[in-house]
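This report describes side-chain interactions and packing in a single model. Please read it with the sequence and the coordinates at hand.

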Amino acid sequence: MDSKKLRVWETLSRKTILKHSKFLTVESHVIKLPGGQIIPDWAWVIIPSAAIVLAVTEDKKFLCFRQTKYAVEGITLAPVGGMLEPDEAPLDAAKRELLEEMGYESSDWVNLGSHILDPNRGVATMHLFLALNAKRVAEPDSDDLEDQELLMLSKSEIKNALRAGEFKMLAWSAVVALSLNYLADEDKTVS
């Protein structure tokens, strides 16, 4: 397929219809499709982007939380992460979240990519990272609202949790799967 033939949509105008807080803005866009069709009321959702980190300790334990989330039924497993502050680089946010929420630092980071949650409505970008050889350097100092318990899982435990659907948010499942895939590829090159 020749990508030169693909044409992008054009935003003709945008209007804010809800400015709820720094966590949520809703806009209505007027969009022009490549064929010339105009869509006068395209919904666009803006929430802050986030950095999501799966950390692995020096002794090969995977750090994650068992926690509750308002929009998740029951208990979920979750890697560490949080929203980017204004003008904060994704890796800086990842490092900050790992230290604040878990009390760990790492000097060995793998960027697993940036992924938009909804390509047609905006929503947010999730910046995914793997932190290798993480070391505990402080007590966690988290301001999170939800109850959470820090877990240290073996590779087989985290694989089984992923397969069982215990990471109940897409970005969390993605960072775990991409991290395991990266580590499997690294294991092949070391052998």
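The model is predicted: local features need pLDDT of at least 70, side-chain atom pairs count only at pLDDT 80 or more, and totals for chains, interfaces and linings use all residues. Residues are numbered from 1 along each chain as its sequence is written, and side-chain values use heavy atoms, with hydrogens and water left out.

**Nonpolar cores**

The largest nonpolar core contains 26 residues, and I52, I158 and F167 have the most contacts inside it. A nonpolar core is a set of buried Ala, Val, Leu, Ile, Met, Phe, Trp, Tyr and Cys residues joined through side-chain atoms within 4.5 Å. Buried means under 20% relative accessible area, exposed over 50%, and partly exposed in between (1.4 Å probe, protein chains only). Two or more residues of this core come from each of β4 (50–57), β5 (62–67), β6 (76–78), β9, β10, β11 (148–153), α2 (155–163) and α3 (170–190). The largest contribution is that of α3, with six residues. Helices (H or I, at least four residues) and strands (E, at least two) are DSSP runs, numbered from the N terminus.

Not counting residues up to four places away in sequence, F167 touches C64, T76, L77, A78, P79, I158, A161, L162, W172, S173 and V176. A second, separate core has 16 residues, among them A51, A55, A93 and W109.

**Aromatic pairs**

The whole structure contains two aromatic pairs. Rings of Phe, Tyr and Trp (its six-membered ring) pair if their centres lie within 6.5 Å; planes under 30 degrees apart count as stacked, over 60 as edge-to-face and the rest as tilted. The rings of W9 and W42 are edge-to-face, because their planes stand at 85° with the centres 5.1 Å apart. W9 is in the segment before β1 (10–21) and W42 in strand β3 (residues 38–46), 33 residues apart. W9 is partly exposed, with a relative accessible area of 40%, whereas W42 is buried at 13%.

The pair of W109 and F129 is edge-to-face, with 6.2 Å centre to centre and 80° between the planes. It links strand β9 (residues 108–118), which holds W109, to strand β10 (residues 122–136), which holds F129, across 20 residues. W109 is buried at 17% relative accessibility, and F129 is buried at 4%.

**Salt bridges**

There are seven salt bridges in the structure. A salt bridge is a side-chain nitrogen of Lys or Arg within 4 Å of a carboxyl oxygen of Asp or Glu. Three of them are tabulated here.

| Residues | N to O distance |
|---|---|
| E27 and R14 | 3.6 Å |
| K135 and E58 | 3.7 Å |
| E97 and R96 | 2.9 Å |

E27 in strand β2 and R14 in strand β1 are 13 residues apart. E27 is buried, with a relative accessible area of 9%, while R14 is exposed at 52%. K135 is in strand β10 and E58 in the loop between β4 and β5, 77 residues apart. K135 is partly exposed at 44% relative accessibility, and E58 is partly exposed at 48%.

E97 and R96 are both buried. Salt bridges that share partners join E88, R96, E97 and E100 into one network.

**E88**

E88 is in the loop between β7 (80–83) and α1 (90–102). E88 counts as buried because its relative accessible area is 19%. Its side chain makes a polar contact of 2.8 Å with the side chain of R96, and reaches the backbone nitrogen of E85 at 2.8 Å. A polar contact is a pair of N or O atoms within 3.5 Å; within protein, one must be able to donate a hydrogen and the other to accept it, and residues adjacent in sequence count only if both atoms are side-chain atoms. Leaving aside neighbours within four places in sequence, E88 is in contact (heavy atoms within 4.5 Å) with M83, A93 and R96.

**H29**

H29 belongs to strand β2 (residues 24–32) and is buried, with a relative accessible area of 2%. Leaving aside neighbours within four places in sequence, H29 is in contact with T11, S13, R14, I39, P40, D41, W42 and W44.
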